[in-house]
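Welcome, and thanks for taking a look at this structure with us. Below is a short tour of its side-chain interactions and its ligand surroundings.

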Amino acid sequence: MVRTQVGALTQELKEKEVLIRGRAHTIRPVGKNMAFLVVRKKGFTVQCLAATQSMGVSRQMVKFVAGLNRESIVDVIGVVSVPGNPIKGTTQQVEIQVRKLYCVNKAMPTLPINIEDAARSDVEIENALQAGEQLPRVNQDTRLNFRVIDIRTPANQGIFRIQSQVGNIFRQFLLSEDFVEIHTPKLIAGSSEGGSAVFKLDYKGQPACLAQSPQLHKQMSICGDFDRVFEIGAVYRAEDSYTHRHLCEFTGLDVEMEIEKHYSEVMDIVDRLFVTMFDSLNERCEMELEAVARQYPFEPLKYKPNTLRLTFEEGVQMLKDAGVEVDPLGDLNTEAERKLGQLVLEKYGTEFYILHRYPLAVRPFYTMPCYDDSLYSNSFDVFIRGEEIISGAQRIHVPAFLAERARYGAPPHGGFGVGLERVVMLFCGLGNIRKTSLFPRDPQRIAP
Ligand code: ATP
Ligand code: AMO
């Protein structure tokens, strides 16, 4: 007998006895002598047949299979067969003739979410409606309230496997470029980004807060002679409104590095890192991307081997030419960012680009002004499909600019911060960041 995985069941195993473990995905009794059970594991499914005519299976055993509760964990021992006709609705094109079956852990008879309902796309629901049938739709709050079940759907399995790869590729790329991974404190004495979006707390009698970013500590690491550092860690923002792209806790992918001559060196890293990231995701996550697209259809991201860089002024000009009024020395609002995304796609054929030389007034206090025009700054944002995924900049290192912080001697340096959940949301064209956070924290949700 071979112990194997559902996803590894191929026709080469024909007539072999196997043992698989998975969840009872669906159960369909046919009379008293036969029951079909679909077993699911890691998004793969296989049909198992318990029938009294074969394998010495008793009627009692068929009854036991027919009475299993969905989502229970089962061990199935049986022989692999290849049916004459292709099996509909399962990923594996073989069947298992059940010899023995053990229920390892029994799920409740009725669960708050039915996986088949939760896995349905809007198109399926629409088509059913047109055919006069009503299919249940699982709303987002129910999904998030019962997330442990919701994340079992193929699309969610895909999303979080893709997310894992984003972190993995980020780390691999930066390590290969001589960056050192650091871990900075999340309990800090004051706000790291300025502004009011901080969670305050009492730290043994002293006022403290949860880190809004590793900004100051990653800069201190550069001052401590680590030339290039990165961190993957939790970031806390006390956001006070409910949007599709803001969370109160997200995963920050942060980078800080010495600059030799120009802040474009930081944008070079962004460029190579993300082109490598997108290439690798398309290569490594083909199945996962397909699983996501089946439930949430999206077009693959359009990007170029060399990332487009536009100055803020060029962006403003493009918007003006399209009749959009924007303040040339203010920030772009969400609508203007979206519009610019469309214009860039039309003109340059890419949905991934860098906008740099932002007006100084709209950037954080630690940002370096441009040498040639102090109204602008050596800073940039990076966009996917018209939405921000990265902010970055050269930092002030000259004592005359920022006496307190730089007085121990700081090399010229810069860096950037990426929101992991936003990368996955926008790469997969998903409209809500809650879909790409395993257990999202937003202004109204702190559980489960
Ligand atoms: P970052 O904070 O890193 O800059 P962001 O995407 O949150 O990233 P902001 O600079 O905060 O971007 O905001 C950009 C625009 O998004 C704002 O001008 C505003 O129009 C809109 N916006 C930001 N936060 C909110 C919010 N909480 N609710 C509604 N709109 C918001
Ligand atoms: P910023 O505040 O722009 O920059 O954050 C960097 C990136 O983090 C993501 N992000 C968020 N994701 C989910 N929910 C939120 N509330 C949220 N806020 C931000 C975005 C954003 O681009 N210290 C600088 C970075 C740097 O200059 O190195 C910073 O934190 O994807």
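## Around ligand 2

In this predicted model, the side chain of Glu-239 places an N or O atom 3.1 Å from a nitrogen atom of ligand 2. For Ile-390, a backbone N or O atom is found 3.3 Å from an oxygen atom of ligand 2.

How many residues are around ligand 2, and which come nearest? There are 23 residues around the ligand, and those that come nearest are Glu-193, Gln-215, Lys-218, Glu-388 and Arg-395.

## Salt bridges

Searching the whole structure turns up 24 salt bridges. One of them joins Asp-117 to Arg-120, with 2.9 Å between the closest N and O atoms. Are these two residues buried or exposed? Both Asp-117 and Arg-120 are buried.

Another bridge pairs Asp-150 with Arg-147, and here the closest N and O atoms are 2.8 Å apart. Both partners belong to helix α5 (residues 147-150), where they sit 3 residues apart, or about one turn of the helix. Asp-150 has a relative accessible area of 1%, under the 20% limit, so Asp-150 is buried. Arg-147 is buried too, because its relative accessibility is 2%.

## A bridge across the sequence, and a network

Let's move on to a bridge between two secondary-structure elements. Arg-309 and Asp-271 form a salt bridge whose closest N and O atoms are 3.6 Å apart. Arg-309 is in strand β13 (residues 308-311) and Asp-271 is in helix α8 (residues 264-284), so the pair ties together parts that are 38 residues apart in sequence. As for accessibility, Arg-309 is partly exposed at 28% relative accessible area, whereas Asp-271 is buried at 8%.

Salt bridges can also be followed through several residues here: Arg-23, Arg-40, Glu-71 and Arg-152 are linked in a network.

## Aromatic pairs

Turning to the rings, the count of aromatic pairs comes to 9. Tyr-353 and Phe-383 make a stacked pair, with 5.5 Å from centre to centre and 20 degrees between the planes. This pair links distant parts of the chain, since Tyr-353 belongs to strand β14 (residues 352-356) and Phe-383 to strand β15 (residues 379-384), 30 residues apart. Both Tyr-353 and Phe-383 are buried.

Why is the pair of Phe-365 and Tyr-366 classed as edge-to-face? The ring centres of Phe-365 and Tyr-366 are 5.2 Å apart and their planes meet at 75 degrees, over the 60 degrees required, so the pair is edge-to-face. Phe-365 is partly exposed, with 41% relative accessibility, whereas Tyr-366 is buried at 5%. Elsewhere, ring pairs join Phe-274, Phe-278, Tyr-303, Phe-352 and Phe-427 into a cluster.

## Charges over rings

Two arginines are worth a look alongside the ring pairs. Arg-363 has its charged end over the ring of Tyr-358, 4.5 Å from the ring centre. Arg-434 has its charged end over the ring of Tyr-242, 4.3 Å from the centre of that ring.

## Two residues of helix α6

Gln-163 lies in helix α6 (residues 154-176). With a relative accessible area of 15%, Gln-163 is buried. Which residues does Gln-163 touch, not counting residues up to four places away in sequence? Its contacts on that basis are Leu-420, Glu-421, Val-424 and Thr-436.

Leu-175 is found in helix α6 as well. Its relative accessibility is 45%, and that value lies between the 20% and 50% limits, so Leu-175 counts as partly exposed. Leu-175 and Arg-228 are 53 residues apart along the chain, and 9.7 Å separates their C-alpha atoms.

Methods:
Residues are numbered from 1 along each chain as its sequence is written. Chains are lettered from A and ligands numbered from 1 in the order in which they are written. This is a predicted model: local features need pLDDT of at least 70, side-chain atom pairs count only at pLDDT 80 or more; totals for chains, interfaces and linings use all residues. Side-chain values use heavy atoms; hydrogens and water are left out. A salt bridge is a side-chain nitrogen of Lys or Arg within 4 Å of a carboxyl oxygen of Asp or Glu. Buried means under 20% relative accessible area, exposed over 50%, partly exposed in between (1.4 Å probe, protein chains only). Helices (H or I, at least four residues) and strands (E, at least two) are DSSP runs, numbered from the N terminus. Contact means heavy atoms within 4.5 Å. Rings of Phe, Tyr and Trp (its six-membered ring) pair if their centres lie within 6.5 Å; planes under 30 degrees apart count as stacked, over 60 as edge-to-face and the rest as tilted. A charge sits over a ring if NZ of Lys or CZ of Arg is within 6 Å of the ring centre and within 35 degrees of the ring normal. A residue is near a molecule or strand if one of its heavy atoms lies within 4 Å of it. A polar contact is a pair of N or O atoms within 3.5 Å; within protein, one must be able to donate a hydrogen and the other to accept it, and residues adjacent in sequence count only if both atoms are side-chain atoms.
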